[in-house]
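Student: I would like to learn how to read packing in a model like this one. Please take one feature at a time.

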Amino acid sequence: MNNFFDDIIAKLKKEIEIEKIEIVDNSHKHAKHKSFSPDKFHLHLKIRSLYLNSLSRVTAQKEVMRVLKDELSNKIHALEISIEQ
């Protein structure tokens, strides 16, 4: 696994109570898009968290995006967040 992905997992687990997290790199699916940059990722986070499940979907996603604010401005072009039961 990419060190960047390990850093994302560690950062999220430090800030949010998470039971399980999986990162899927979907960057290859966007290679032909006009705004594609090989320096930025298109990621799908699959998160299992009782805490995030206790929040509304929008609030939970905002919480994840708050934690990853720096990464979203520098290394992540697109982020899909799935919060599983």
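Student: Which residues is E63 in contact with, leaving aside its neighbours within four places in sequence?

Tutor: Contact means heavy atoms within 4.5 Å. By that rule E63 touches I16 and L52, its neighbours within four places in sequence being left aside. The model is predicted: local features need pLDDT of at least 70, side-chain atom pairs count only at pLDDT 80 or more, and totals for chains, interfaces and linings use all residues. Residues are numbered from 1 along each chain as its sequence is written, and side-chain values use heavy atoms, with hydrogens and water left out.

Student: Is E63 buried or exposed?

Tutor: Buried means under 20% relative accessible area, exposed over 50%, and partly exposed in between, with a 1.4 Å probe and protein chains only. E63 has 18% relative accessibility, so it counts as buried. Its place is in helix 3. Helices (H or I, at least four residues) and strands (E, at least two) are DSSP runs, numbered from the N terminus.

Student: Which residues of helix 3 are buried?

Tutor: A60, E63, V64 and V67 are buried in helix 3. They cover an arc of only 95 degrees around the axis, which puts them on the same side of helix 3. The arc is that of the directions from the helix axis to the C-beta atoms. These buried residues pack against helix 1, strand 2, helix 2 (50-53), helix 4 and strand 3.

Student: How many residues does helix 1 have, and which of them are buried?

Tutor: The expected span of a helix is 1.5 Å times one less than its number of residues. Helix 1 (residues 3-15) has 13 residues and reaches 19 Å from its first C-alpha to its last, close to the 18 Å expected. Its buried residues are F4, F5, I8, I9 and L12. They cover an arc of only 140 degrees around the axis, which puts them on the same side of helix 1. N3, D7 and K14, on the other side of helix 1, are exposed. The partners of the buried residues include strand 1 (20-25), strand 2 (41-48) and strand 3 (76-84).

Student: Which residues touch the most other members of the largest nonpolar core?

Tutor: A nonpolar core is a set of buried Ala, Val, Leu, Ile, Met, Phe, Trp, Tyr and Cys residues joined through side-chain atoms within 4.5 Å. The largest one has 20 residues, of which I8, L12, I47 and V64 touch the most other members. Helix 1 gives the most to this core, with five residues. Not counting residues up to four places away in sequence, L12 touches I18, I21, L45, V64, V67 and L68.

Student: How many aromatic pairs are there?

Tutor: Rings of Phe, Tyr and Trp (its six-membered ring) pair if their centres lie within 6.5 Å; planes under 30 degrees apart count as stacked, over 60 as edge-to-face and the rest as tilted. By this rule the count comes to three. The rings of F4 and F5 have centres 6.2 Å apart and planes at 50 degrees, so that pair is tilted. For F4 and F41 the centres are 5.2 Å apart and the planes at 15 degrees, so the pair is stacked. This pair links distant parts of the chain, with F4 in helix 1 and F41 in strand 2, 37 residues apart. Ring pairs link F4, F5 and F41 into a cluster.

Student: Which residue lies over the face of F4?

Tutor: A charge sits over a ring if NZ of Lys or CZ of Arg is within 6 Å of the ring centre and within 35 degrees of the ring normal. K75 lies over the face of F4, at 5.6 Å from the ring centre.
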